[in-house]
Amino acid sequence: MYTSGSNGRPKGAEIARSSIRNFLRVVSPVYDMRPGDRVYQDMTISFDFSIEEIWPTWAAGATVIASPTDSAQLGAGLADFLDPREAQP
């Protein structure tokens with residue numbers, strides 16, 4: 001994974017599989033995600049902290065919903081985007 005570090009320049013950081021397993025073991029009960037859940041992924045994939053939105057979601061069998069590229073991600077537009085019942089046919 002790449003991280004910006006403290007100086008703002010990207011650098012590679014190795015993450016052991018055991019660390020990923022431990023992270024998922026710890027956060028999964030806290031987040032209580034289930035296969036039918038939908039999680040809004042707003043952080044850019046190049047940001048190291050995006051793993052908190054993505055990995056636990058996938059581990060639970062839930063769905064990652066990527067942020068739209070238009071302004072619908074603000075206010076009521078975001079609520080409509082996230083609620084599948086609001087989807088237009």
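This is a predicted model: local features need pLDDT of at least 70, side-chain atom pairs count only at pLDDT 80 or more; totals for chains, interfaces and linings use all residues.

User: Fine. How many helices and strands does the protein chain have?

Analyst: The secondary structure comes to three helices and four strands.

User: In what order do the elements run from the N terminus?

Analyst: The order is β-β-α-β-α-β-α.

User: Take α1. How far does the helix reach from its first C-alpha to its last?

Analyst: Helix α1 covers residues 17-31, which is 15 residues, and reaches 20 Å. That is close to the 21 Å expected at 1.5 Å a residue.

User: And what happens just after α1?

Analyst: Asp 32 comes there, with a positive phi of about 50°.

User: Now the strands. In which sense do β3 and β4 pair, parallel or antiparallel?

Analyst: Parallel, over four bridges. Strand β3 is residues 38-41 and strand β4 is residues 63-66. Arg 38 stands opposite Thr 63 in β4.

User: What does the chain pass through from β3 to β4?

Analyst: Helix α2, residues 51-59. The β-α-β crossover is right-handed.

User: Switching topic. What share of the residues counts as buried?

Analyst: 19% of the 89 residues in the protein chain.

User: Last one, contacts. Of those between residues at least 6 apart in sequence, what share joins residues at least 24 apart?

Analyst: In the protein chain, 52% of them do.

How values were computed
Residues are numbered from 1 along each chain as its sequence is written. Side-chain values use heavy atoms; hydrogens and water are left out. Helices (H or I, at least four residues) and strands (E, at least two) are DSSP runs, numbered from the N terminus. The expected span of a helix is 1.5 Å times one less than its number of residues. Two strands pair if DSSP finds at least two bridges between them. A crossover is right-handed if, with the strands pointing away from the viewer, the path from the first strand over the helix to the second runs clockwise. Buried means under 20% relative accessible area, exposed over 50%, partly exposed in between (1.4 Å probe, protein chains only). Contact means heavy atoms within 4.5 Å.
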